[in-house]
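Okay, thanks for coming, everyone. Let me put the structure up and then walk you through it.

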Amino acid sequence: QGITQFINNVTYLRGAHSYKFGVSAQFVDDSRTQTLNQLYTFPSVDAYLAAQSGANPRGYTSFQQLFGDPSYEYSTQMYALFVQDDWRINNDFKLLYGLRYDVYAPPDGVSAAARTESREFETDTNNFQPRVGFVWTLGEDRRTVLRGNSGLMYDQPINAIYEQAIV
């Protein structure tokens, strides 16, 4: 199990502009082992409650255990690029704008999986995220600052979604 992450940012100043560029990459390698699924069939609710309480632990009429490989491994990758400009329009006002792009590469599917949804996972490639903001200094004493920011943000899927589909 392991996570490897690489992040690099560069700032370039030119006149009233401060350009920022960045890239990041994250690699997750994981392995798990879990209990195979089991199915107990009880003739009645009373028989189930008696088994649950321990009064008659073998009150079921049938037991099935699903077979398969209880262990699995998977790898995921996340890549990101961004560019941003902090443009100082005058001494009192700065405009910030930029764009970020993320791509999340899910684990490989299981080609022989019973559910077709688990055979292959699609890579989401349309995660463009515009950002815009401002900083405005108010008053002659310059002690009041008004800030506003907005943007579209994406997060990577939780790996447990894929873990449940792989097994």
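I'll go through the strands, the salt bridges, the aromatic rings, and then a surface patch.

Quick ground rules: this is a predicted model, where local features need pLDDT of at least 70 and side-chain atom pairs count only at pLDDT 80 or more, while totals for chains, interfaces and linings use all residues. Residues are numbered from 1 along each chain as its sequence is written, and side-chain values use heavy atoms, with hydrogens and water left out.

Let's begin with strands. Helices (H or I, at least four residues) and strands (E, at least two) are DSSP runs, numbered from the N terminus, and two strands pair if DSSP finds at least two bridges between them. Strand 2, residues 17-33, runs antiparallel to strand 5, residues 71-90, with 17 bridges joining them. Within that pairing, arginine 32 has tyrosine 72 as its bridge partner. Strand 5 also pairs with strand 6, residues 93-105, again in the antiparallel sense, over 13 bridges. There, tyrosine 79 sits opposite valine 103. And what joins strand 5 to strand 6? A hairpin, through 2 residues.

Now, how many salt bridges does a search of the whole structure find? It finds 3, a salt bridge being a side-chain nitrogen of Lys or Arg within 4 Å of a carboxyl oxygen of Asp or Glu. For accessibility, buried means under 20% relative accessible area, exposed over 50%, and partly exposed in between, using a 1.4 Å probe and protein chains only.

Take aspartate 86 and lysine 20, whose closest N and O atoms are 3.5 Å apart. Aspartate 86 is in strand 5 and lysine 20 in strand 2, so this pair ties together parts that are 66 residues apart in sequence. Aspartate 86 is buried at 9%, and lysine 20 is partly exposed at 29%.

Next, aspartate 92 and arginine 142 meet at 2.5 Å, N to O. Aspartate 92 is in the loop between strand 5 and strand 6, arginine 142 in the loop between strand 7 and strand 8, and they are 50 residues apart. Arginine 142 is also one to look at for its backbone: its phi is positive, about 60 degrees, although it is not a glycine. Most residues other than glycine have a negative phi.

Then there's aspartate 102 with arginine 100, at 3.1 Å, N to O. Aspartate 102 is buried, at 3%, whereas arginine 100 is partly exposed, at 25%.

On to the rings. Rings of Phe, Tyr and Trp (its six-membered ring) pair if their centres lie within 6.5 Å; planes under 30 degrees apart count as stacked, over 60 as edge-to-face and the rest as tilted. By this rule the count is 11 aromatic pairs. One of them is tyrosine 12 with tyrosine 19, stacked at 6.4 Å centre to centre with 25 degrees between the planes. Tyrosine 60 and phenylalanine 63 are tilted instead, at 6.5 Å and 50 degrees. Those two also belong to an aromatic cluster with Tyr40, Phe42 and Tyr48.

Last stop, the surface. Val10, Tyr12, Phe21, Val83, Leu99 and Phe128 make a nonpolar patch of about 540 Å². Patches are made of residues with over 30% relative accessible area and no salt bridge, with like charges joined within 9 Å and nonpolar side chains (Val, Leu, Ile, Met, Phe, Trp, Tyr) within 5 Å; areas come from the Shrake-Rupley method with a 1.4 Å probe, and for residues only the protein chains shown count as cover. Phenylalanine 128 lies in strand 7, residues 124-138, and is partly exposed at 47%.
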